[in-house]
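Here's a protein model to get to know. Take a look at it first, and then we'll walk through it piece by piece.

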Amino acid sequence: MAAEVRRLAQQLLDSEVRQEELATLLARADAIRRELEIYTAAAVQDARHRGEKWEAVGKAAHVAPETARARWGPERVARMMDLHANDKRAAPARWRGPQLARLADVPEEAAGAPNTVGVASPAGQLASALEQLQAASGLTIREIADRTMLSPSFISRVLSGDRLPTWDLTCSLAVLFGADPAELRVLFEAAHGMTVHGRQPVAVSIEQLHAAVRGLHRAAKSPSPERIEQYSRKAVTALQARRVLSGIDVPEWEVLAALVCALGGRPHDFKPLWEAVHYTFLMCDDPRLPEGTAHIAVPEEEP
């Protein structure tokens, strides 16, 4: 937060040097004031967590202990943090829809009838992936909140799908959990209704596709390749699933679409990535892939 205050102050200084209009200067000054209010609240909260009494807080802030308690009490600070985070780094989940169970949640004995299970919302899939990463990391909500300087209640809402994180926050959480943010990119873009980026080098396109599939697999709670074969009714074999998840193959679209469906995803979210791989592969001057690059299944031309 201190870094953000410095950034805002630099903006104000730059505006001053450029002699911008009064409204701009006052708006920048107001942004600094609001950021300082959040910084002060967070500093008091940290002090309270270290065991500081309200008397000490009041003395440091030059106010009465009762005033300090009313101004920076835990509930009020939590609301301030939630509003601040919502303004800065996240937004309410826009498409909630029915939070249907994923195929990976089906009991083993029911695995033979995958069509009885629906698809989770994009926001729910992103939240599920983050939740799985959080569980694997062993970090508590409180520890995550402390490291991200967000409130525990806000972190809980992000992990439950009630709030959509920005890409910056998604990356921060992925790194904090020891994961690759690229695995969450497609889930993030689907949750925010965004489209994929322009053409990339073929190796980059392949890696983006595989990372997206791994992220969806994580959101589905990492079912085994054998269970994926069951969910897809053998439209995807266990070997195919294993090779795709391992980054070895880029299969034909029918196989990839079946794999995405088996993991509870939406194929149209992955089609642009698959097309980007084949576009760059077919259009490049030298079709030979770098050593160690995944094998691409090229569709046969229609007669």
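How many residues does helix 11 have, and how far does it reach from its first C-alpha to its last? This is a predicted model, by the way. Helix 11 runs over residues 202-219, so to speak a stretch of 18 residues, and it reaches 26 Å from end to end by its C-alpha atoms, close to the 26 Å expected at 1.5 Å a residue.

Just after helix 11 comes lysine 221, with a positive phi of about 70°.

## Stepping back

Now for the whole protein. You'll find 15 helices and four strands in it. There are 303 residues, and 43% of them count as buried. The protein exposes about 16,300 Å², with carbon and sulfur atoms supplying 54% of that area.

What about contacts along the sequence? Take those between residues at least 6 apart: 65% of them join residues at least 24 apart.

## What's in the core

The largest nonpolar core has 52 residues. Which of them touch the most other members? They are Leu184, Leu209, Val213, Leu256 and Leu259. Helix 14 (residues 253-262) gives this core its largest share, eight residues.

Setting aside neighbours within four places in sequence, leucine 209 is in contact with Val250, Leu256, Phe270, Leu273, Trp274 and Val277. Another core, of 12 residues, lies apart from the largest one, and its members include Trp54, Val57, Trp72 and Met80.

## Charged pairs

Side chains of opposite charge can pair when their charged atoms come close. This structure holds 11 salt bridges. In one of them, the side chains of arginine 33 and glutamate 37 meet at 2.8 Å, N to O. Why are these two about one helical turn apart? Because they sit four residues apart in helix 2 (residues 22-49). An α-helix has 3.6 residues a turn, so residues three or four places apart point the same way. Arginine 33 counts as partly exposed, at 40% relative accessibility, and glutamate 37 is partly exposed at 40% too.

Glutamate 207 is partly exposed, with a relative accessible area of 38%. Then there's arginine 243, which pairs with aspartate 249, the closest N and O atoms being 2.6 Å apart. Some salt bridges share partners, and that joins Asp30, Arg33, Arg34 and Glu37 into one network.

## A buried glutamine

One last stop: glutamine 134, found in helix 6 (residues 122-137). Is glutamine 134 buried or exposed? Its relative accessible area is 14%, so glutamine 134 is buried. Not counting residues up to four places away in sequence, glutamine 134 touches Leu139, Thr140, Ile141, Ile144, Leu159 and Phe177.

Methods:
Residues are numbered from 1 along each chain as its sequence is written. This is a predicted model: local features need pLDDT of at least 70, side-chain atom pairs count only at pLDDT 80 or more; totals for chains, interfaces and linings use all residues. Side-chain values use heavy atoms; hydrogens and water are left out. Buried means under 20% relative accessible area, exposed over 50%, partly exposed in between (1.4 Å probe, protein chains only). Contact means heavy atoms within 4.5 Å. Accessible areas come from the Shrake-Rupley method with a 1.4 Å probe; for residues, only the protein chains shown count as cover. The expected span of a helix is 1.5 Å times one less than its number of residues. A nonpolar core is a set of buried Ala, Val, Leu, Ile, Met, Phe, Trp, Tyr and Cys residues joined through side-chain atoms within 4.5 Å. A salt bridge is a side-chain nitrogen of Lys or Arg within 4 Å of a carboxyl oxygen of Asp or Glu.
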